[in-house]
Amino acid sequence: MRRGRPVLTISACVTAALFVGACSGSFGMPRGASEQAQETFQNWQIFFIAAIPVAGIVYVLIAWSIVRYRRRRSDPPGALGSQRTENLPAEVVYTAVPVMIVVALFVLAIRTDDRVTAISPDPDLVVHVEAFAWGWRFTYPDGETVVSPPSGEDAEWPVMVLPHGETTRISLTSNDTIHAFWVPEFLYKHDAIPGRTFEFDVTPTELGTFQGHCAEFCGLNHAYMNFEVQVVSRRDFDAWLGQQEQVPA
Amino acid sequence: MTTILDRRRQAPSPRRGPGVVHRLVSTDHKNIGILYCVSAFVFFLVGGSLAEVMRLELMEPSRQIVSNEAYNTLFTIHGTVMIFLFVAPFATGLANYLIPLQVGAPDMAFPRLNLSSFYFYIGGGILVLLAGVAAAGQAAAMGWTAYPPLSEIRLSPGVGPDLWILGLVLVVISNVLNGVNILTTVFLMRAPGMTMWRLPVFTWNMVVVAILGLVAFPPAAAGLTLLLIGRRLGGLVYDAAAGGDPTIYQHLFWFLGHPEVYILILPFFGVITEIIPVFSRKPLFGYTGFLLATLTIGMLSTGVWAHHMFTTGVIDNPFFAAMTLLIAVPTGVKFFNWIGSMWGGKIWFAVPMLFSIGFMLNFLIGGVTGVMLASPALDYQAHDTYFVVAHFHYTMLGGSVFGIFAAIYFWFPKMTGVMLSEKLGRVVFAMLLVGFNLTFWPQFVLGQRGMPRRYVDYASGLGYDTPNLVSSIGAYLLGVAVTVFLVDVWRSLRRRTPAGDDPWGGYSLEWATSSPPPEHNFDELPTIRSLRPAFDREHPELVP
Amino acid sequence: MNRPTPEHLTACRAIHLNQPVTLDEVTAARSAPASASPVRFGTILFLSSELLLFGGLFAAYFGLRSRTTPWPPEGATPDVALAAFGTGLLMVSSLCLARGLGHAATGNLAGLRRWTLVTMAFGIGFLAMEAWDWTHVDFTISSHPYGTMYYTLTGIHGLHVLAGLLVLVVLLIRSYQGAYDTGRLDGAHSMAYYWQFCDATWLLIFLVVFVLR
Ligand code: HEA
Ligand code: HEA
Ligand code: CUA
Ligand SMILES: [Cu+2]
């Protein structure tokens, strides 16, 4: 029995850790600062909550069999366990139940995917985002442009400003290698692939400044290809836009 | 081929062990198996040391010890080494050693082919390492996935990437030849009475692995060839500017890449499925269901590759999400086979059993996080973050590598005739289990807090500092654990505590011969009347 | 050295794949004749795997084809007639090789060697055709992705034919060494499989690259 313990405690700890996350309700994920992100966040909660009982049950079963069916001092040396080799009803159950779970998860996952990637017919603003090694060029409708300073260990991050509560269409492309536009708080990222242009919408629901990263490995300064997103009121946005110099498109 | 006998060479003398030279040229499957396992483990040490350097760099924000370029090379080689030169070849080694024994054959079907595929592997390994140490600005630094355009000559000049590609092609050849050998052996050389439905589960899993290899490796070779042609002969297939398409490479790579991850785990599903019943003193629970699950995983795993490409926006998300989610089911079946095999048993917590339990505890987390990644929307967030890094270390390190240690402690006595230390074994297990979770649990947190992978550096104050520190500490605990393990092996080989033919009361045929087995494996074969020929011999009364 | 003895192989194979047996059945089995041949079985596995190498290349080919119009691009005119001629050469070569094995089956090894040589002659003819095509076709490997695929497919196939020729040389040598005197032709047949494989893959390439366009 001395042997049973460490394993037991470990599994206990892990399950505990899972539940600690559970209490906070967000399970460690940012709650999302855009309408699209709300969808993803809900999907995350569902998947995580589904995972807790699944993992929980399996851990409990493992722990139980380890403790209950350990070899005891009292057992004779060559003692054997029960020689049962199958149990059809049980096997059916533990195949069928997971099938049902994953089917449900599938439906939810696809619905979320559709909502997150849905494109509005008339976005309030279109920003062209061009990723390049190793920086970003954000171009606004009338040619106002923000470009990264030469990237490097302590170059400061270029800023993309978005109006609060309005739907911004981001059209994403790259001119050299594959990068990825990622704002963790928006719970969304998309690859920027040379030769292709991708479009997706983001409708910020929170004022504030958010970090953004290049998420697809793109070589030497991949780690320094960061940017910042500032979500401001419409008025501040227009003011800011006015100050930007125009690059004739 | 196989019938040409050359009797000129001398057989190894079991006591003193054969000379090094003989070991390097002997085509005895047991010898080749050990060659594979030892070389694979050396690659583990190398890959692990690289990882330790990465963890040192990431321990604190801002760059300290390595240049961006060096860091990129570190994880490129680390990933390649661990996947293609450590875990998969270690499984091949076990297969080479065990399959002929488990099916009651005197050797693999094509012994010389077997030896040659070993040297293809070594050759490939050397090229990959050279790719890592190529002169500054020349080394391979495009990630183990080597996506173009990044891996094209324009952005990755120098010989490093070329060496890396050639190395991988050799590894592909090695795997294909080996797959052919395994399948031929299992299908044509089983001993009388060893029907397909009495094959030990490890062998069965290796059959599926071999098939997966034959299916998945050649297309990847095609992708790599086109990459090399693009780099050196002016090919344009991946060149968007010229009308090519870089995502074609991603499809070809992941068509191997995903089956590969099952090539990395199935052998060790097999290993712990051999071990758990033995130490629970029970027959395996639900053998048939287990086999069906294995075959289902094999089939599904060739249809999920693009779940690595959700963020590219060029694939059919619902299809790949569905296939990916479905794989959870057969894998779950296996978990319940293991639980069922312990249920009502008399579990003996010897070291192999401890590692098998550790496998279950860790892999379950890797598995359920995998299911989360299978939701496209969630993957948009998690892709290329440390959440994924944590996921796959939970499956490959917490799973496959724990399986490797279980296998070593289980079969070392059979291979060498001497026992490893139970005491040190427990220490290694405890340190690995704690160190592993300490290293990779914080990486889930990092991923959620927005730290992308393949970052040499991170800004402080974004919540990345503490998890990275903890992770690095865990990594050093792992390093110590592995060192203790090496000490254990070294001590045991010097002390030579005799193991006897069957120290565990094993079930499958290899336990019915001596340790180490004679040159021709069996002096006489027990009649095979069930899944457990060796066990049946001790307990005739229980034969079904 | 530790190789399976013929007796053991016999014993293993003689048992029908899924029949449980008893000890005396085993002893009976040891004198039973061999059925499946490992060499042939292994070769077939290997070739079906290698087929997927071309499978991968075709996948890339169709991937590009689906997003490029026109296909083949302007000014790229592969020489269909020439390719058809090459196809003919390979087809005939396959028949010759089959003929040779037919002779071998009746113990006529001289016939085997003769027809193998004829086969090789046609094979060399095919490579000559390739060489001519490469030097005369009106685009290069770096003209456009189509060009890359064209040269890659034909080139890799060409390498296979080259390998096939070497395999046939080995077949000749082995037959001179008397490897087939015993009437066990599995080795020869497996080598023939390889040649037929080169032929089959060329048919696919001809279909995809030249006929479908
Ligand atoms: C041994 C290797 C291994 C294994 C076994 C797995 C198993 C799985 N993996 Fe993982 N994976 C990797 C190695 C592995 N993976 C690697 C190396 C990468 C990254 C490569 C790179 O980019 O560098 C990766 C990346 C990866 C991605 C892409 C992430 C990204 O880059 O954006 C995805 C997405 O779907 C994924 C999913 C899965 C799933 C669903 C499983 C499933 O097979 C898991 C199934 C198991 C369980 C689910 C647990 C047990 C089941 C039950 C108890 C039954 C009940 C459960 C339910 C009903 C949910 N993996
Ligand atoms: C089976 C696969 C496997 C295994 C076992 C490991 C093991 C480890 N991995 Fe790795 N890892 C990958 C597969 C694996 N990894 C892959 C595929 C990637 C992706 C690469 C890419 O992005 O391209 C990756 C990436 C990766 C990263 C992310 C890098 C990045 O994205 O920036 C990190 C960071 O912490 C990491 C850490 C570790 C650590 C600490 C271990 C530890 O467990 C290591 C423990 C082992 C040892 C410590 C060895 C013992 C060494 C000694 C005892 C010293 C003595 C040495 C000699 C005598 C020579 N790995
Ligand atoms: Cu740009 Cu990473
Ligand atoms: Cu995958």
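## Helix packing in chain B

In α11(B), B:Val351, B:Leu354, B:Phe355, B:Gly358, B:Asn362, B:Ile365 and B:Thr369 meet B:Glu422, B:Gly425, B:Arg426, B:Val428, B:Phe429, B:Leu432, B:Leu433, B:Phe436, B:Asn437, B:Trp441 and B:Phe444 of α14(B). Contact means heavy atoms within 4.5 Å. By class, these residues are 11 nonpolar, five polar and two charged. Ala, Val, Leu, Ile, Met, Phe, Trp, Tyr, Cys and Pro count as nonpolar, Asp, Glu, Lys and Arg as charged, and the others, Gly among them, as polar. Helix α11 spans residues 351–373 and helix α14 residues 422–448; they pack at about 10 degrees, with axes 9 Å apart. That makes α11(B) roughly parallel to α14(B). Angles under 35 degrees count as roughly parallel, over 145 as roughly antiparallel, 65 to 115 as roughly perpendicular and the rest as oblique. Axes are lines fitted to C-alpha atoms, for helices over the stretch in contact, and angles run from 0 to 180 degrees between N-to-C directions. Helices (H or I, at least four residues) and strands (E, at least two) are DSSP runs, numbered from the N terminus.

Helix α9 (residues 317–326) and helix α10 (residues 328–342) of chain B pack at about 5 degrees, with axes 5 Å apart. So α9(B) is roughly parallel to α10(B). B:Thr324, B:Leu325 and B:Leu326 of α9(B) make the contact with B:Ala328, B:Val329 and B:Pro330 of α10(B). Five of these residues are nonpolar, one is polar and none is charged.

## Model and confidence

This is a predicted model: local features need pLDDT of at least 70, side-chain atom pairs count only at pLDDT 80 or more, and totals for chains, interfaces and linings use all residues. Residues are numbered from 1 along each chain as its sequence is written, chains are lettered from A and ligands numbered from 1 in the order in which they are written, and side-chain values use heavy atoms, with hydrogens and water left out.

Chain B has a mean pLDDT (the predictor's confidence in each residue, from 0 to 100) of 92, and 97% of its residues reach 70 or more. Over residues 1–15 of chain B the pLDDT is below 50; this stretch has 26 contacts in the model beyond near neighbours in sequence.

## Metal sites

Donors are N, O and S atoms within 2.8 Å of the metal (3.2 Å for Na, K and Ca); water is not among the atoms, so sites may look incomplete. B:His258 lies in helix α7 (residues 247–280) and B:His307 in the loop between α8 (287–300) and α9 of chain B, so the pair ties together parts that are 49 residues apart in sequence.

The iron atom of ligand 1 lies 4.5 Å from the copper ion (ligand 4). Its single protein donor is B:His391 (NE2), 2.2 Å away. B:His391 sits in helix α13 (residues 386–416) of chain B.

## Interface of chains A and B

The contact takes 83 residues from chain A and 97 residues from chain B. About 7,600 Å² is buried between them, 69% of it from carbon and sulfur atoms. Buried area is the accessible area (1.4 Å probe) that two parts lose on being put together, summed over both. In chain A, A:Tyr69, A:Tyr94 and A:Phe217 lose the most area to chain B, together 10% of what that side buries.

## Backbone features

The peptide bond from B:Ser515 to B:Pro516 is cis, with omega near -10 degrees. A cis bond also joins C:Thr69 to C:Pro70, with omega near -5 degrees. A:Leu187 has a positive phi of about 50 degrees, although it is not a glycine. A:Leu187 lies in the loop between β6 (179–183) and β7 (188–192) of chain A.
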